[in-house]
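Me: I would like to learn how to read the overall build of a protein model and then the packing of a pair of helices. Could you take me through one case?

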Amino acid sequence: MTFDPASYQFTQSGGPVPIRASTVLPARRENIELQTGDGHRLVGELALPESGPVKATLITLHPLPTHGGFMDSHVYRKASYRLPALAGIAVLRFNTRGTASARGTSSGAFEEGIGEQHDVEAAVRFAVDRGLPNRWLVGWSFGTELALMYGALEPVAGEIEGAVLLSPPLHRATDKHLQLWAESGKPLTVLVPEHDDFLQPAEAAERFRLVPQARVVGVAGAKHLWVGEKYAGRVLNDIVALVSPDPGAAPLPQEWDGPVATAGT
């Protein structure tokens with residue numbers, strides 16, 4: 001059965017409560033479908049602020065689906081739980097071709113990052129068609145490869161402000177793709193865990209030297225999967241500080257006084 005985001009049961013908190021890993025804050029959430037240029041149907045979710053303007057839009061690209069990556073990978077799930085309410089930021093999550101989650105399964109099969117170009121284009125086109133402003137790609141692991149390979153190419157490049165990369169392995173993305181980003185002039189923020197399995201901060205700084213506008217940030221103590229609330233929170237704060245037009249948007253509040261739900265209940 002496909003998960004329905006309207007099934008969250010919200011109750012009034014009765015005072016400030018800590019925001020934990022499973023805390024879901026109010027948002028307008030809807031199941032969506034993306035249609036790719038090569039005929040695939042991708043499933044996803046869009047989470048919007050309940051009220052007020054959308055200040056920025058995150059188009060998230062998940063980790064490697066053959067190793068457990070999907071739209072519900074925990075940093076993106078927490079972004080959808082929190083950022084619409086705390087920062088007025090829309091969060092678009094979706095499963096790339098052949099990827100399954102509680103939301104459902106996208107058609108097609110994993111194509112090693114090649115056919116997924118159509119998936120990135122479909123997600124950006126959806127955000128544009130919905131009038132979502134200030135659009136940023138956010139890639140994590142395999143998702144960084146998609147952002148680097150296709151974010152600086154049209155039709156995507158003209159529709160996004162820039163990108164945030166979490167734990168880039170730089171396996172599929174090559175110097176050629178980095179040079180295209182350099183030529184685009186679009187901002188690129190690269191968050192690199194100190195103990196990453198594939199690319200650690202010193203090497204990342206050297207590899208991304210090809211992109212003069214890239215900002216490489218090493219995160220002490222973190223690992224490739226950003227496990228732990230401390231590191232997930234750090235990622236979300238850095239993203240909000242970058243994409244929000246409000247200078248005081250980060251750091252995000254750690255408590256919430258209002259309706260709350262708990263994921264999984």
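Reply: In this predicted model, the protein has six helices and 15 strands. The radius of gyration is 17 Å, close to the 18 Å that the globule rule gives for 265 residues, so the protein is as compact as a globular protein of that length.

Me: What box do the C-alpha atoms fill along the principal axes, and what percentage of the residues count as buried?

Reply: Taken along the principal axes, the box filled by the C-alpha atoms is roughly 55 × 40 × 30 Å, and 54% of the 265 residues count as buried. Among contacts between residues at least 6 apart in sequence, 75% join residues at least 24 apart.

Me: How are two packed helices described?

Reply: The description of two packed helices rests on the angle between their axes and on the distance between those axes. Here, helix H1 (residues 74-87) packs with helix H6 (residues 229-243) at an angle of about 50°, and their axes are 10 Å apart. Because of that angle, H1 is oblique to H6, and H1 passes H6 in a right-handed crossing.

Me: Which residues make the contact, and how do they divide into nonpolar, polar and charged?

Reply: From H1 the contact is made by His74, Val75, Lys78, Ala79, Arg82, Leu83 and Ala87, while H6 contributes Glu229, Ala232, Val235, Leu236 and Val240. The residues of this contact of H1 with H6 divide into eight nonpolar, one polar and three charged.

Terms used
Residues are numbered from 1 along each chain as its sequence is written. This is a predicted model: local features need pLDDT of at least 70, side-chain atom pairs count only at pLDDT 80 or more; totals for chains, interfaces and linings use all residues. Side-chain values use heavy atoms; hydrogens and water are left out. Axes are lines fitted to C-alpha atoms, for helices over the stretch in contact, and angles run from 0 to 180 degrees between N-to-C directions. Helices (H or I, at least four residues) and strands (E, at least two) are DSSP runs, numbered from the N terminus. Angles under 35 degrees count as roughly parallel, over 145 as roughly antiparallel, 65 to 115 as roughly perpendicular and the rest as oblique. A crossing is left-handed if the near helix is turned anticlockwise from the far one by less than a right angle, and right-handed if clockwise. Contact means heavy atoms within 4.5 Å. Ala, Val, Leu, Ile, Met, Phe, Trp, Tyr, Cys and Pro count as nonpolar, Asp, Glu, Lys and Arg as charged, and the others, Gly among them, as polar. The radius of gyration is taken over C-alpha atoms; the globule rule is 2.2 Å times the number of residues to the power 0.38. Buried means under 20% relative accessible area, exposed over 50%, partly exposed in between (1.4 Å probe, protein chains only).
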